[in-house]
Amino acid sequence: MGKKGRRGRGGNKLGKRDDRQSWDQVTQENEAWEKYYRALDLIPNDQFDLFKSTCKETLPLTFRVTGSRKHAKIIANLFQEKIMPLLENVEGTESYNKPFSLPWYPDNLAFQIDLPKQVIKKLPQYAAVQKYLLVENEVGNISRQEAVSMIPPLVLDVEPHHHVLDMCAAPGSKTAQLIESLHTFKDSNDETLKPTGFVMANDSDYRRSYMLVHQIKRLNSSNVIVVNHDAQMFPKMRLEENGPYVKFDRILCDVPCSGDATMRKNIMVWKEWRFGNGIGLHPLQLNILKRGLQLLKPGGRLVYSTCSLNPIENEAVVASALKLWDGKVKLVDSSDRLPGLIRHEGISSWRVFGKDGEEKQQPLEDDKLPATVFPPSDEEAKDLHLERCMRVY
C-alpha cells in the first residue's frame, strides 16, 4: 500500500529521485531499523530473526471478489472450482502453500496465492490464472488488494444509510470497499437495499484524486463523490443551501505514514529507513485524526490506520487524540471481529528515540520532540485502553 506521494528530496518536479538504486541492488539490511525494533520489543526476541526474514520475503498475491453478494459468490465459486485446481500439484511449487481463501474475510470472498510473481511467470500452467485475474480485474469482478489493506474498511461497519468520509483515499482500494459496503445489504426478503448514504473520497493531491476517479468509476455507483482538500483542514460542507453542516457516520483515516511495514513490496524502505521518519510525520497524522474526529457524528465510528509498525505513528497518535477529547471519544473493542485474523493488542508503553538514534525521556521545554510522541502515564493508560488497538504483523 504505497502511501500518499510526496515530493522526493533532491528530486525533479515529478518527485523522482535521480540517485535511486534499482531494486535488485538494494541490500535488505538496515542496522538502525533493527536496533529500533529490537529495542521496542514489539516482537519477542526469540522470534525477531523469523520476523526479519519474513520482512525480506515477497508479498503473496491477494485479491477480493467484488460486486453484489449473489454475483460475487458466482465469481468466487468459479475461481475455486475452475482456477484453483490449476494451481495445485504443479512441479516446482511444492514448498509453497496451496491457494486458499482468507479465513477472516466475510463469506470467503478473498483469496491468497503464495507463489511469487517470478515463479508464476515461469510456469505455463499459470497462464490461465494470469488471464483470469487480468480479465476479472478489468471488468471489476475482483480487486487486487493487499490482505492487510482490506481490514480497516471491514471494521468500519458501513451501512447503506451512512454518510462516509475517506480522508486520505488515493489510490482507492479501501474506498472501493467502502462503496461496495453501501450496496451489499439485503432486507428480510433477500433483496438488496438501495443505499441512501454516500462515500466522499478525499485526497490532498489533485493528480491522485484523478486516480481515484479512475479506480472507482468501474463500480458504477451514484453514491460517491471525489474531492481534493488538505485533510488537516477539511472544510465544512452543506448538502443544501442554508442546511446544516455535514457530519459523517463513518470516517476512514488512513493517514500518510513512513510505510515501514511495506518493505516486503517496497524494498527501498530497507535503504531509506531513519529514526526520524515517524517523528516527522507524527504531527501531520495527529492533525488529520483530530480533524476527522471533529467531523464525526455523535455515536459515529472512525478507523485510524497506517502501514507502519512504529508506535510513534500509531498508539502515540491515538492516545493524544483520546486525551484531547477527554472521555468524549473511546476506543472500540474489535477483538471479536474478523475471527481467524491473527492480530496483536496495541501497546501503552514504548521507548522514544530521537533522530540521532539516542533514547529520549519526557521532553524538556527546549526539546524539539513533540510531547505527544511519548507514552501516557500508567494512570492515563488505564483509561485509554490502547490494548484495543489492532496490530497486524
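**Exercise 1. Determine the handedness with which α10 passes α11, and describe their packing.**

Step 1. Locate the helices, which are DSSP runs (H or I, at least four residues) numbered from the N terminus: α10 covers residues 276-294 and α11 covers residues 315-325. This is a predicted model, where local features need pLDDT of at least 70, side-chain atom pairs count only at pLDDT 80 or more, and totals for chains, interfaces and linings use all residues. Residues are numbered from 1 along each chain as its sequence is written, and side-chain values use heavy atoms, with hydrogens and water left out.

Step 2. Look at the crossing: α10 passes α11 in a right-handed one (the near helix is turned clockwise from the far one by less than a right angle).

Step 3. Take the geometry. The axes, lines fitted to C-alpha atoms over the stretch in contact, lie 9 Å apart at an angle of about 45 degrees. Angles run from 0 to 180 degrees between N-to-C directions.

Step 4. List the partners in contact (heavy atoms within 4.5 Å): H282, Q285, L286, L289, K290, L293 and Q294 in α10 meet A316, V317, V318, S320, A321, L324 and W325 in α11.

**Exercise 2. Work out how α1 and α2 pack.**

Step 1. Helix α1 spans residues 31-40 and helix α2 residues 48-55; their axes are 12 Å apart, at about 135 degrees.

Step 2. The pair is therefore oblique, and α1 passes α2 in a right-handed crossing.

Notes
Helices (H or I, at least four residues) and strands (E, at least two) are DSSP runs, numbered from the N terminus. Angles under 35 degrees count as roughly parallel, over 145 as roughly antiparallel, 65 to 115 as roughly perpendicular and the rest as oblique.
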